[in-house]
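Biologist: I would like a close look at one part of this model, namely its charged side chains and how they pair. Please keep the answer connected and plain.

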Amino acid sequence: MALDPEQEARRVAVETSVTKGRELAKAGDVEASREQFRNALTISPTLILSPEMELRQLAIPALRAKGQELAREGDVEGAVIQFNLALQ
């Protein structure tokens, strides 16, 4: 089986961007995550990936948890910011 260097490089780059995007979403970094997902789609336009769906599934729980943690610590303003980010 012959290796196509360009195809392999694109596959690895897409895989890396999607993985980073998911990690960033789980950490609540919505914008950086979105950027990684868009990068993957730029490299591979036929990739079946919905950045907004990924963000909803991964980032919202992280943002809500962070908001709850801040609220328990008495940081109401910080909690509101996290909850608002989860709603975007």
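How many salt bridges does the count come to?

Modeller: The model is predicted, and the count comes to 6 salt bridges. Before the pairs themselves, the setting. The chain has 4 helices and 0 strands, so that, by the DSSP runs used here, its elements read α-α-α-α from the N terminus on. Its C-alpha atoms fill a box of roughly 60 × 20 × 15 Å along the principal axes. The radius of gyration of the chain is 16 Å, whereas a compact globule of 88 residues would have one near 12 Å. Of the 88 residues in the chain, 30% are buried.

Helix α1 covers residues 5-26, and both E6 and R10 belong to it. These two residues form a salt bridge in which the closest N and O atoms are 3.2 Å apart. R10, with a relative accessible area of 40%, is partly exposed.

A second pair in helix α1 is R11 and E15. Their side chains meet in a salt bridge with an N to O distance of 3.1 Å. Because R11 and E15 are 4 residues apart in helix α1, about one helical turn separates them. R11 is partly exposed at 42% relative accessibility, and E15 is also placed in the partly exposed class, with a relative accessible area of 47%.

Helix α2, residues 30-43, holds a further pair, E31 and R34. Here the closest N and O atoms of the salt bridge are 2.6 Å apart. The two residues sit 3 residues apart in the helix, so about one helical turn lies between them. R34 counts as buried because its relative accessibility is 12%, and the limit for buried is under 20%. Back among the salt bridges that share partners, E8, R11 and E15 are joined into one network.

For a point of reference elsewhere in the chain, take K66, which is found in helix α3. K66 counts as partly exposed, its relative accessibility being 37%. Along the chain K66 is 58 residues from E8, a member of the network. The C-alpha atoms of K66 and E8 are separated by 38 Å.

E69, E73, D75 and E77 form a negative surface patch. One of the four, E73, lies in the loop between α3 (51-72) and α4 (76-87). E73 has 57% relative accessibility and therefore counts as exposed.

The negative patch includes E73, a residue of the loop between α3 and α4.

Technical notes:
Residues are numbered from 1 along each chain as its sequence is written. This is a predicted model: local features need pLDDT of at least 70, side-chain atom pairs count only at pLDDT 80 or more; totals for chains, interfaces and linings use all residues. Side-chain values use heavy atoms; hydrogens and water are left out. Patches are made of residues with over 30% relative accessible area and no salt bridge: like charges are joined within 9 Å, nonpolar side chains (Val, Leu, Ile, Met, Phe, Trp, Tyr) within 5 Å. Accessible areas come from the Shrake-Rupley method with a 1.4 Å probe; for residues, only the protein chains shown count as cover. A salt bridge is a side-chain nitrogen of Lys or Arg within 4 Å of a carboxyl oxygen of Asp or Glu. Lys and Arg count as positive and Asp and Glu as negative; His and the chain ends are not counted. The place of a charge is taken as NZ of Lys, CZ of Arg, CG of Asp or CD of Glu. Buried means under 20% relative accessible area, exposed over 50%, partly exposed in between (1.4 Å probe, protein chains only). The radius of gyration is taken over C-alpha atoms; the globule rule is 2.2 Å times the number of residues to the power 0.38.
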